[in-house]
Amino acid sequence: MASMTLGHIQSGDGLRSRVPDSFCNGDKLSKLCEEGRLKEALHMLKLMVQKTTKPPIRAYVCLLKGCSRRKALAEGKQVHALIVQSVLDSNIFLANTLVHMYSKCGSVLHAHKVFSNMPQHDVYSWTAIISAYADSGEVEEAINLFQQMQETGLAPDKVLFVVVLKACASLAGLEQGRQLHSDIIKRGFQSDVIVGSTLVNMYAKCGCTEDARELFDNMSERNVVSWNAMIAGYAQNGLGKEALALYEQMKQEGMQPNHVTFLLLLKACASLAALEQGKQLHSEVIKRGFQSDVVVCSTLVDMYAKCGCIEDARELFDNLSERDVVSWNAMIAGYAQNGLGKEALALYEQMQREGKKPDEVTYTSVLSACAHSGLVDQGRYVFDSMCKNHGVTPTKEHYACMVDLLGRAGYLADAELFVNKMPIQPDNVVWMTLLGVARNQGHVEIGRRAFDHVVKLEPKNAAPYVLLSKIYAAAGRKEAGVKKVPGRSWIEIDNQLHAFVVGDATHPQSKEIQAELDRLVGLMKKAGYKPNLSFVLEDVEDEEKENALCGHSEKQAIAFGLINTPFGTPIRIKKSLRVCGDCHNATKIISKIVGRDISVMDADRYHHFKDGFCSCGDYW
């Protein structure tokens with residue numbers, strides 16, 4: 001870069017070629033950029049250009065990098081204008097830096113425009129534009145551009161392979177990932193630890209944990225990123241046992257875990273409500289000295305809340321030495337997930353009193369808490385105050401929360417009107433939310449209209465067909481080739497997770513589980529239980545419908561817990577879908593007849609069953 005800079009300086013008259021860089025204030029400008037004083041640096045660059053004191057290339061580069069770090073798009077555009085004014089826009093190094101700057105500032109359109117206008121591209125140009133699309137979530141376009149680059153004859157380097165592998169991972173594009181793996185071997189990058197770690201991550205995210213593990217075991221060099229990639233792979237695929245075993249192996253081999261390791265493991269425990277394993281990790285966090293890490297502690301708060309231990313979560317939150325917005329959001333979301341709307345609102349108000357500014361995530365959690373607790377007026381107030389009082393523009397997630405709030409409370413017409421008057425185009429999440437509340441309220445007309453919008457946006461999504469089928473209580477409404485994803489439930493016994501699927505009889509204790517279910521059904525019927533056959537979509541006889549209800553995954557998990565834990569032990573279940581009305585009613589009765597506290601974390605929230613009642617008050 002130094003020779004490039006010298007060449008541009010010497011391209012002017014002889015006098016200017018003898019002017020040192022320090023006279024051009026290049027060093028001072030660089031210092032301003034490093035300190036984040038972009039406006040001052042930009043003003044200095046403008047003066048240099050106006051006075052025809054040709055600034056060194058590094059002056060533009062420093063400012064562009066400063067804009068990238070600060071995501072200062074407006075200032076970056078002004079630097080771009082100065083580059084054009086100085087007739088340097090054809091410089092490939094500056095053009096690559098411009099593409100990178102626009103990418104980091106979230107403007108893929110400008111990045112692509114710069115890229116398209118470049119007279120030539122090198123591998124860094126392609127890496128910059130492919131990264132721009134990948135970082136913005138347009139991963140399919142990123143992969144298409146990679147293929148275009150290969151057609152030009154340019155050879156990708158290991159940095160570009162990492163970028164495209166991550167794109168394949170996010171798309172679960174296994175075949176594309178395997179092809180990249182083959183190319184990586186051909187080009188001799190397979191021994192690079194970063195490339196290897198990214199390959200492990202790609203295979204794991206595509207669900208191929210065995211391939212990921214084989215690759216991991218054969219790596220010639222492994223660092224903490226490699227270990228974290230494999231741990232994340234197990235965690236993401238519901239293996240919350242293999243991940244912990246690998247963590248133990250990691251320690252045995254002398255590799256020190258970092259905060260990312262604990263974040264991955266704690267998130268896995270939270271997603272599966274694996275409380276005992278989460279507690280063990282909490283001890284490890286303290287032992288390893290990460291208890292002062294605000295992100296790790298926020299994840300601990302989230303883990304305890306998602307495991308139904310809201311008091312433990314609050315105690316940990318109150319004892320944090322430092323609380324950032326992520327910490328507050330974790331605790332507010334915990335209250336929301338456990339149906340404690342008033343507590344969530346109180347913490348939201350405390351957050352503001354202590355001078356912490358709520359962000360978009362905060363409002364999603366608060367509105368969700370109001371929706372799950374029937375706090376309609378409070379939810380309306382919070383939504384209105386977002387923009388008016390706090391300058392936060394509502395997103396589609398916030399609009400979906402409001403639809404949920406109104407619909408759950410029975411104001412379905414208001415919910416539909418709210419969607420139709422949205423200032424932004426409703427997406428499938430908003431329409432699915434309306435369809436969901438229409439199903440819960442049994443409103444056929446609104447459900448049908450919401451369904452029509454969803455299938456236009458996502459014609460192959462099975463969920464709207466299932467919901468509409470439930471609204472009509474008819475089996476034949478699903479389109480050919482669209483199948484319902486079966487519910488799955490997990491329970492943790494002796495630090496081991498056991499999974500159950502509706503109608504599945506492959507568990508080693510399936511006979512004992514069925515016997516316990518038969519016993520429970522008999523006791524439940526004596527206590528007044530009547531199976532709600534409307535939750536079975538199949539067009540079969542009532543007896544078969546009753547048997548199907550008995551085989552729901554959460555009922556199997558509860559029965560398994562009852563026969564494998566001492567009397568009085570609380571039972572905690574994680575459910576992948578929303579708990580159905582029949583299972584909800586059945587679990588209330590079971591909690592009373594067996595004298596157990598039963599907690600079920602479904603896709604929406606936590607349900608705490610005790611002595612025949614649920615913490616949600618039958619409002620979910």
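## A walk through rings, strands and one buried aspartate

Start by selecting Arg 222 and Phe 216: the charged end of Arg 222 sits over the ring of Phe 216, 4.4 Å from its centre. "Over a ring" here asks that NZ of Lys or CZ of Arg be within 6 Å of the ring centre and within 35 degrees of the ring normal. Before moving on, know that this is a predicted model, where local features need pLDDT of at least 70, side-chain atom pairs count only at pLDDT 80 or more, and totals for chains, interfaces and linings use all residues. Residues are numbered from 1 along each chain as its sequence is written, and side-chain values use heavy atoms, with hydrogens and water left out.

Next, pick Arg 323, which lies over the face of Phe 317 at 4.6 Å from the ring centre.

Now for rings with rings. The structure holds 13 aromatic pairs. Rings of Phe, Tyr and Trp (its six-membered ring) pair if their centres lie within 6.5 Å; planes under 30 degrees apart are stacked, over 60 edge-to-face, and the rest tilted. Select Phe 115 and Trp 126, an edge-to-face pair with 5.0 Å centre to centre and 70° between the planes. This pair links distant parts of the chain, with Phe 115 in helix H8 (residues 108–117) and Trp 126 in helix H9 (residues 123–135), 11 residues apart. Helices (H or I, at least four residues) and strands (E, at least two) are DSSP runs, numbered from the N terminus. Both Phe 115 and Trp 126 are buried; buried means under 20% relative accessible area, exposed over 50%, and partly exposed in between (1.4 Å probe, protein chains only). Then show Phe 146, Phe 161 and Phe 189, which ring pairs link into a cluster.

Hop to Asp 192, in the loop between helix H12 (174–186) and helix H13 (193–205). Is Asp 192 buried or exposed? Asp 192 counts as buried, because its relative accessibility is 18%. Its side chain reaches the backbone nitrogen of Val 195 at 3.0 Å.

Last stop: the sheet. Six strands form an open sheet with mixed pairing, in the order E2-E1-E3-E4-E5-E6. Two strands pair if DSSP finds at least two bridges between them. At the edges, strand E2 (496–501) and strand E6 (613–614) each pair on one side only. Zoom in on strand E1 (residues 488–493) and strand E3 (residues 571–575), which pair in the antiparallel sense over three bridges. There, Ile 491 stands opposite Ile 573 in E3.

Notes
Polar contact = N/O pair within 3.5 Å; in protein donor to acceptor, adjacent residues only side chain to side chain.
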